Amino acid sequence: MISFLLSRLGRAALTIFLVMTFSFIVLRLSGDPALIIMSPDAPPEAIAAFRKSWGLDDPIWRQYLNYFGAVLEGELGRSMRDGRPAIQIVSERIPATLLLTLPALLLKVSIGIPAGVYAALHRNSRIDRMVMSFAVFGFTVPSFVLALVLVLVFSVWLGWLPTSGADTWRHAILPVVTLGIGGAAVLARFTRSAMLEILGQPYIRTASAKGLKWSAVVRGHALPNAAIPTVTVLGFMVGSLLAGAVVVESVFAWPGVGRLLVVAVSNRDLAIVQVILLLVAGTMVAANFMVDLAYGIFDPRIKQAQRGGGK
Amino acid sequence: MSVFSKASETSPTEVAATKPEAIPLGVKLGAIWLCLMLLVALIGPSLTPYSFTAIDLKARLALPFTTLHWLGTDELGRDVLSRLVVSIRISLLVSLVATIISATFGTVLGFLAAHFRGWVEQVVLILADFQASIPFLIFALAVLAFFGNSLSLFIMLMGLYGWERYARIARGLAISANAQGYAAAVRQIGAKPSRIYLRHILPNTASTLIVSMTLVFPEIILLESGLSFLGLGVQPPMTSLGNMVGYGREYLTRAPWILLTPASVIVLTTLSVSMLGDWLRDRLDPTLK
């Protein structure tokens, strides 16, 4: 178990390292930020001063090393737009995003998992078919289409809810519902197929053949085993709490991290993009690590395993 | 279905999914829709009544279902039907090419990992972990905005989507195939690795990989339309389905048809591919469930 966790930790650190390198390469080598931030007719001295103050004059390997050193010291750069620390600008946006993604996660779990389990236990029933149609619907309707249709119906035609903005709790309803429906569908589909897979296993037949009550078979044998693949999907959802709402935030003009990212990307505000990339990667890695821990709880076999064989 | 065929096909131990069934209606409709979309993408643009960029300021925001503009016009008086046809071509082109790139890339890496094992395998697995650990939208946003945007770069980027899934699947399949008799037999005869992988292991694993492609394809359509919707995918004057929805959003209240037609095409297409893919998966490879 210990070596398993250590190898996972090593992998997590490696992923973070790769993300940092990736963001450095993409963000630094793809153009001269000085010319993009400053207007093209700015005096050359001003451009030179800008480059010097951001360290853009140094050779690229030194910029890379400086960058790593700075990140390790928690110095994540300043926004090239207004000079405030990027980490501060990003963290100001985090509560707004969590205000959408946490209730949405709750919605996903409370609808998706029970629906999937129920559908699997009553395979081919009418409810199963309804759940599956809902799941396919959630898979195939892009979030921006769902969002716009909801706006069209509830804001434009019925006039019940505001179209966009973030002034009152009523503004959060449509974005949360948009995020929740899509995720619930994904979760329901995963849970259902995980349950079906387990229900077809010989040990389930054995358990019920030895006279165990069906409810006990489901609770004691089927659910814990079906939890493993479901936890993986759930881990991904937890990991995307920060960045899972890029499109939805853009549609609803919600002042969260995702919208900040889109704006920062189009302004080429390097520091902000880097911070968001690192934060997102960090949460993803942390969530994956928690998933690995959960594996250990749900599946004692993994304690011995060297690698958890893919998704 | 005759009693005869039923008796010959069904054995008591077999699971329900392997029983031959009539093709479900949804799958048929999906296949018809996809054929229609392919046809539109191939010959549609030469049949459209207007150029997709032709501006007609006298006919701005014309209502749909009129003889001149079947699906109405947009804010610049451009014919929505003509734009839709071109958008379908672009979106399908991007998604199809990207799916093929991603499947090829991922499968090759998976086979390399299975063949060399050792550090090659570790590198492939680490890269796969890395790719899987960043939400692709974030990854794509960073790359696109910073490398600028051209259609070919955009397609290449979309071609990175999902490669890690093929790589993992191909690696797993190839490792187990290598342990099986047929691969060992061909190797004993003295076949080169490239021959073993391409002529023997690939055909034996193709069904699983094809099913994975049908699962990734709709996601690529959604990704393409999502990025284009944000204004960071296919760039004007070129148009794509997501692009049309993105620009139509400004006219949501006054002219919802600009947005609703491309949106329904996206939904119907992804729906069709998913249904076809699910059905294929049940037929070809129940293990993927």
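Student: I'd like to begin with Ala253(A). Where does Ala253(A) lie?

Tutor: Ala253(A) sits in the loop that joins helix H11 (246-251) to helix H12 in chain A. Keep in mind as we go that this is a predicted model.

Student: How should I read the backbone angle phi there?

Tutor: Here is the general idea first. Most residues other than glycine have a negative phi. Now the case here: phi of Ala253(A) is near 50°, a positive value in a residue that is not glycine.

Student: Is Ala253(A) buried or partly exposed?

Tutor: Partly exposed, because Ala253(A) has 13 C-beta neighbours inside 10 Å, and a residue needs 20 or more to be called buried.

Student: Which residue of chain B has a positive phi although it is not a glycine?

Tutor: Arg117(B) is one, with a phi of about 50°. Arg117(B) is found in the loop between helix H3 (80-116) and helix H4 of chain B. Its count of 13 C-beta neighbours inside 10 Å makes Arg117(B) partly exposed.

Student: Back to chain A. What does Gly258(A) show me about burial?

Tutor: Gly258(A) belongs to helix H12 (residues 257-267) of chain A. It has 29 C-beta neighbours inside 10 Å, so Gly258(A) counts as buried. Setting aside residues up to four places away in sequence, Gly258(A) touches Thr97(A), Ala243(A), Ala245(A), Val246(A), Glu249(A) and Ser250(A).

Student: What kinds of secondary structure make up the two chains?

Tutor: Chain A has 13 helices and 0 strands, and chain B has 11 helices and 0 strands. Buried residues account for 39% of the 311 residues in chain A and for 43% of the 289 residues in chain B.

Student: Why is H11(B) described as largely enclosed by the rest of the structure?

Tutor: Because 21 of its 28 residues are buried.

Student: Which residues touch the most other members of the largest nonpolar core?

Tutor: Ala147(A) and Ile272(A) do, in a core of 128 residues. Leaving out neighbours within four places in sequence, the contacts of Ile272(A) are Ser79(A), Ala86(A), Ile89(A), Val90(A), Leu260(A) and Ala264(A). There is also a second, separate core of 19 residues, with Leu112(B), Tyr166(B), Ala177(B) and Ile196(B) among them.

Student: Last topic: how do I read the place where the chains meet?

Tutor: In general, the size of an interface is often given as the accessible area lost when the parts come together. Here we can count residues instead: 36 residues of chain B are in contact with 43 residues of chain A.

Student: Which helices of chain B each supply at least two residues to the side that touches chain A?

Tutor: They are helix H4 (118-133), helix H5 (136-147), helix H7 (163-178), helix H9 (193-229) and helix H11. The largest share, 8 residues, comes from H5(B).

Definitions and conventions: Residues numbered from 1 in each chain as written. Chains lettered and ligands numbered in written order. Predicted model: local features only at pLDDT ≥ 70, side-chain atom pairs only at ≥ 80, totals over all residues. Buried ≥ 20, exposed ≤ 12 C-beta atoms within 10 Å, placed from the backbone. Helix = DSSP H or I, 4+ residues; strand = E, 2+ residues; numbered from the N terminus. Contact = placed C-beta atoms within 7 Å. Core = buried A, V, L, I, M, F, W, Y, C linked by C-beta atoms within 7 Å.
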